[in-house]
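Welcome, and please open your viewer.

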Amino acid sequence: MTDGELWLDPVRARRGGGDLTSAGEAVTDRRARVGGQIAAASAARPWGRDDIGAAFEKQYRGFEETLLRAWAGVGRAVEHLGEDVVRSVDNEVATDSRSGGRLNRISDQRPAGR
């Protein structure tokens, strides 16, 4: 932003939005693969089933669920952010074009000599 004006490079901004979407998809994919492995490994309760293992399980399970849910949520949020960026750029370009057309029509209606 310079001199109170906002300049938007639509191609670059769309590409950035696409990159965000791809990053979100990568996070989601990683969560599915690695998070699935974590959940599968912990389902076997490698810490044991005695009293100490049961106490650990009680504490651990909630943290694991929270972490895996948050991880999935981050992936979805970044994907949606990228989609929102692209949609926002498209809307801005369309609005700018419509506004420019309106301004051109106004200036074309000036009486001759003014």
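By about how many helical turns are phenylalanine 56 and tyrosine 60 separated in helix H2? Select both: the answer is about one helical turn, because they are four residues apart in that helix. Helices here are DSSP runs of H or I with at least four residues, numbered from the N terminus.

Before moving on, a word on the model: it is predicted, so local features need pLDDT of at least 70 and side-chain atom pairs count only at pLDDT 80 or more, while totals for chains, interfaces and linings use all residues. Residues are numbered from 1 along each chain as its sequence is written, and side-chain values use heavy atoms, leaving out hydrogens and water.

Now display the rings. Rings of Phe, Tyr and Trp (its six-membered ring) pair if their centres lie within 6.5 Å; planes under 30 degrees apart are stacked, over 60 edge-to-face, and the rest tilted. The count comes to three aromatic pairs by this rule.

With tyrosine 60 it makes a tilted pair, 4.9 Å centre to centre and 55 degrees between the planes. This pair links distant parts of the chain, 13 residues apart: tryptophan 47 sits in the loop between helix H1 (10-43) and helix H2 (51-108), and tyrosine 60 in helix H2.

Colour by accessibility, and tyrosine 60 comes out partly exposed at 22% relative accessible area (buried is under 20%, exposed over 50%, partly exposed in between, with a 1.4 Å probe and protein chains only).

Finally, keep Trp47, Phe56 and Tyr60 selected together: they form one aromatic cluster.

Key: Helices (H or I, at least four residues) and strands (E, at least two) are DSSP runs, numbered from the N terminus.
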